[in-house]
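Work through the exercises below with the structure open. Each task is followed by a solution in steps.

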Amino acid sequence: MCNLQNQLTKAYFMACLSPKTPPILSVSPNSLFPSTKCIDYISCNAKNQVRKSPPVARTPRFSTSSGGQSLLQNERYSVTRRIKKQALRDSPEIMLRVNLDQCSKNGDLDEALRLYHEAKLNNIQLNVYHYNVLLYLCSLRSDDDGEEGLNPETLEKGFEIFKEMIINRVELNEATFTNVSRLAAAKEDPELAFNLIKKMKDQGIGPKLRSYGPALFGFCKKGMADEAYEVDSHMMDNQVSAEESELSVLLKVSSDVKREEKVYEMMHRLRATTRQVSEETAAIVEDWFLSERAAEVGLENWDMGKIKKGVLKGGGGWHGQGWLGGGDWRVVGTTMDEAGVCQSCGEKLVCIDIDPKETENFAKSLSELASKKEATTGFFQFQEWLQRHGPFDAVVDGANVGLANQHSFSFSQIKGVVNRLRELSPSKKLPLVVLHQNRVNGGPAQYPNNKKLLESWKKAGALYATPVGSNDDWYWLYAAVSSKCLLVTNDEMRDHLFNLLGNSFFPRWKEKHQVRLKPSSDGIRLHMPPPYSIVIQESEQGSWHIPTVTEDDLETPRQWLCATRARNSMPTP
């Protein structure tokens, strides 16, 4: 009986999602789903979702009569607007939305369902937002015991709400499809979850990364590798990039089904996407290298010329020619010394070059983004100033350096960093110090010594004061990128501003250009960028080094996974 109901449920939903025939409904109050030949609920225009107030005659804001009458008319107009806004805020639909948002925040499904049933009794019109909150709460993976997985009642309620959306001709969106896909995955039906994503695309709704999760993770959990690869391919076709969590489950299922070529592919995609991996992903990687299948695969004799050509083409750090060597792998946790030499196998890691064209394109996109964000504060003038006084060998985030390990702002600390950078500079040129105008004109800046110091930097063209209302982050970052130079700051550049720059090129640029400050017995010491790239590396001899993510603690060495195999295989010249 249960299997029959599941089959009917799936058949119903897939019929609902077919856009080929017009809707024909016949609903029985005792049936779980309406009987239907096909329901094209997407094409239905949900014009009746939101109640519209009758048009209100708009009072003219200005009157051609006397000044007193004009003021009276303006006052009436203002009062009318306030009343209308208050009425909108107090409308049943808005109050329901506010209360459902609170339920969503607290994860309170019971209260949300109570509000839902109360709204139906009071004939309150529910829109797609209300329904999506309810579906989201139903899709949360929690049962009565607090363990992972949905209980049957919650699952049934979620599909019942979805059925109501279809009956009421509610126009669905990406959040709707994603939440129902989660319900399907909780029902351990990743095929239904994937079909929902396909229908989403067919209806002109662009899937997001979260949309694919239920199907991808569901197939991987069941060991259905080919189906998981199909989801992955669908993602790429729709320009949706997999991140570490998606790549790690694809890596695991590939390892479990002994698809070594797919394991190799996922290793390189992790390298390009995340660079460093979490401990959970590192454990999956280690399990692969210690598996019987990993010991069986690999070229015993390889063409070193072809390997070197692959390394050159890839920019260094990997060759892309497949597994090299034979026999068991030796996998250990290790660290690198300051020169990038592995403390386990003795192999030296390489510094991977950044394509100059990539830097140029990044500088251009950064300029466009900063110009939009700083349109009213004079960013264009800063670019012109930089053209006249740059390029520089280093840029200093003055606010960050002046406050590093200090209770109050310290110009003397900035001075020490500036002098040290000048010593290191091949041209002996002063670095550019970027400070907000308030820092330059007020507070400690008014002390005679500091005033003299700032004046000397100004005369040398080594100080730029960002205007009031600006975000100085845009200025020092753009200066460093456009000058192709070092950037001195302890700012990890992780907030929303830097998230706008994407997660591909920017981390690589930071790694090669950011100089951080490290406290020492004699004040502040500069922690220069490492002479090697902190990224998954595959050597010409076939060994692998995988860095793990660490906290931003300069005193704690980064942990790496070192995977080597017996050197009983020899490359051919």
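**Exercise 1.** At what angle do helix α5 and helix α7 pack, and how far apart are their axes?

*Solution.* This is a predicted model, in which local features need pLDDT of at least 70, side-chain atom pairs count only at pLDDT 80 or more, and totals for chains, interfaces and linings use all residues. Residues are numbered from 1 along each chain as its sequence is written, and side-chain values use heavy atoms, with hydrogens and water left out.

Step 1. Find α5 at residues 128-139 and α7 at residues 174-186. Helices are DSSP runs of H or I with at least four residues, strands are runs of E with at least two, and both are numbered from the N terminus.

Step 2. The angle is about 25 degrees and the axes lie 9 Å apart. Axes are lines fitted to C-alpha atoms, for helices over the stretch in contact, and angles run from 0 to 180 degrees between N-to-C directions.

Step 3. α5 and α7 are therefore roughly parallel to each other (angles under 35 degrees count as such).

Step 4. On the α5 side, the residues in contact (heavy atoms within 4.5 Å) include V128, L135 and Y136; on the α7 side, A175, V180 and L183 are among them.

Step 5. By class, the contact of α5 with α7 has seven nonpolar, four polar and one charged residues. Ala, Val, Leu, Ile, Met, Phe, Trp, Tyr, Cys and Pro count as nonpolar, Asp, Glu, Lys and Arg as charged, and the others, Gly among them, as polar.

**Exercise 2.** In what order do the six strands of the open sheet stand?

*Solution.*

Step 1. The order is β6-β5-β4-β7-β8-β9, with mixed pairing. Two strands pair if DSSP finds at least two bridges between them.

Step 2. β6 (463-466) and β9 are at the edges with a single partner strand each, so one side of each has no neighbour in the sheet.

Step 3. β5 (residues 432-436) and β6 run parallel, joined by four bridges; V434 has Y464 of β6 as its bridge partner.

Step 4. Helix α22 (residues 472-483) packs on the sheet and touches β4, β5, β6 and β7. The direction of α22 makes about 170 degrees with that of β5.

**Exercise 3.** In which sense do β8 and β9 pair, and over how many bridges?

*Solution.*

Step 1. β8 (residues 514-520) and β9 (residues 523-527) pair in the antiparallel sense over five bridges.

Step 2. The two strands form a hairpin with two residues between them, and S520 stands opposite G523 in β9.

Note on methods: Angles under 35 degrees count as roughly parallel, over 145 as roughly antiparallel, 65 to 115 as roughly perpendicular and the rest as oblique.
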